[in-house]
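Okay, thanks for coming, everyone. Let me put it up on the screen.

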Amino acid sequence: MMKPERPVGLIGYGAYVPRYRIAAREIARIWTDGQGGVPVDAKSVPGPDEDTITLSIEAARNALARAGVAIEQVSAVWVGSESHPYSVKPSGTIVAEALGATPWVSAADFEFACKAGSEALTAAMALVGSGMANYAMAIGADTAQSRPSDALEYTASAGAGALLIGPAAEAVATIDATVSYVSDTPDFFRRADRPYPVHGNRFTGEPAYFHQIQSAAQRLMSDMGKTAKDFTYAIFHQPNAKFPQAVAKRLGFSDSQIAPGLLSPQIGNTYSGAAMVGLCATLDVAQPGETIFITTYGSGAGSDAYALTVTEQILERRNRAPLTEAYLKRQVFIDYAVYAKWIGKLVMG
Amino acid sequence: MEIARHWRQRAARYRLQGQRHRETGEVRFPAQPPAIGEDPTAWEAVDLSGRGELYSFSVLRQGPDGYEGLVPYPVGMVRLEEGPLVAAQLTDCAEADLAIGQPVEMVTRQLLDTGEDNVLVYGYKFRPVLV
């Protein structure tokens, strides 16, 4: 396992989920005549003026509001996503400018399918843990793309989670240790210049999601001398409703441990945002002294696992920004035609 | 030219950066250059809170170039808590959700996509307060 020399933690955290939803049944109405099961109840849809950059800005503002840290003290703004609006031109500089963090700040974009945000988190732990900086912002955000009628279309959604990393003494939750497990696994990919990602057939599922998550999670628990029962809550990457529940069970976690952070049935797979928004929702209800186990997953493939301990400071800071629930509750459902228009799927001739 | 015009306004558009008078405390938005003969350091840059109330609103049913796909969409005038009155698009809401005097908050959103070989323009909009 990896631990920084200087203990670190989350000084602030913030979630963002767009206001719009499309029901999975509405997608099924178009493509399967409503027949068959659907992997989630609904997914979040970005509004016509939203993208990964705007999602990141709001999540990061929520994290800063909770932290109460002056923006001039933040030394890095790192955005993990697979849907950066530009192929060349960093999201990080625009987000940093909107937060008022520029110009004396490191800004960068991270890419690792659905775990791009946790790559930024581990890097932020290192930046603060080495003493190079006091505060670093790690963001996971996506407005995920999917081919019409593809299985992915039922789940590929939009959301963002932002975590401000700083010294453990000031944290709402300390990050006690982490591991990272990666392997070259062709389970899901999108070639440059192609609009939609595709699944690598038999590599999906068992050798990908389950193998990477279980490897990272088991190693971290074993290195820490702990088991699933030693943690109050757990969050896993959530590409659908079923996978995170199945991997939790295999690892010995109960339904009640994952309940606060299991959002995919309501909002789909927010990709780089998924585990991080789940963490935000869990921090919204966690009490001082409770512990959180989180394992991310990115296709390609790999997982990062983290163990956190909630501190007294959560009580004062939690309500300085909207709770994740506020974003989950404000849902406005749209039909497939409006969805197709907003996502740019209509050919205007 | 167009890229430079958008870029120049980024602090105001992305985070509502205005100006505060160092002596009187008066706040203005958008920022202005010093008046002729005025001490050039009299006004300092300040990021506004983004909180305010809806002073008036209307709905655009015929949008300008680049906004055809958004119509109908609400626009409003917002009285910021620091004093200035700002005109902006309203987002995450429909006409039925709006009332004069209601509290609103600033969000940074895409303002305009200027084309595949051009920039995305971001800036402030307002929405009914979330909580």
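Predicted model: local features only at pLDDT ≥ 70, side-chain atom pairs only at ≥ 80, totals over all residues.

So, to start: how far apart do the end C-alpha atoms of residues 46-109 of chain B lie, and how much of the span is helix and how much strand? The ends are 20 Å apart, and the span is 0% helix and 50% strand.

Now, the contact between the chains. Chain B puts in 22 residues and chain A puts in 24. Between them they bury about 1,900 Å², with 51% of that on carbon and sulfur atoms. On the chain B side, the residues losing the most area to chain A are B:Asp92, B:Tyr122 and B:Leu130, and together they make up 27% of what that side buries.

B:Asp92 comes up again, by the way: it forms a salt bridge with A:Arg330, the closest N and O atoms being 3.1 Å apart. Strand 7 of chain B has the largest share, 5 residues. By class, this side of chain B has 11 nonpolar, 4 polar and 7 charged residues.

Okay, over to chain A. The domain assignment gives domain 1 as 8-172 + 317-340, and domain 2 as 175-311. Their centres, taken over C-alpha atoms, are 16 Å apart. In terms of contact, 56 residues of domain 1 touch 49 residues of domain 2, and the two domains bury about 3,900 Å² between them, 61% of it on carbon and sulfur atoms.

How many salt bridges does the rule find across that domain interface? It finds 2. Separately, the side chains of A:Arg66 and A:Asp284 meet in a salt bridge at 4.0 Å, N to O. For polar contacts, there are 25 residue pairs across the domain interface. Several elements of domain 1 supply at least two residues each, including strand 1 (8-16), strand 6 (135-143) and helix 11 (324-329) of chain A. Helix 4 of chain A gives the most, with 7 residues. By class, the domain 1 side comes out at 29 nonpolar, 16 polar and 11 charged residues.

Key. Residues numbered from 1 in each chain as written. Chains lettered and ligands numbered in written order. Heavy atoms only, no water. Contact = heavy atoms within 4.5 Å. Buried area = accessible area lost by both parts, 1.4 Å probe. Helix = DSSP H or I, 4+ residues; strand = E, 2+ residues; numbered from the N terminus. Nonpolar A, V, L, I, M, F, W, Y, C, P; charged D, E, K, R; others polar. Domains from an automatic or database assignment. Polar contact = N/O pair within 3.5 Å; in protein donor to acceptor, adjacent residues only side chain to side chain.
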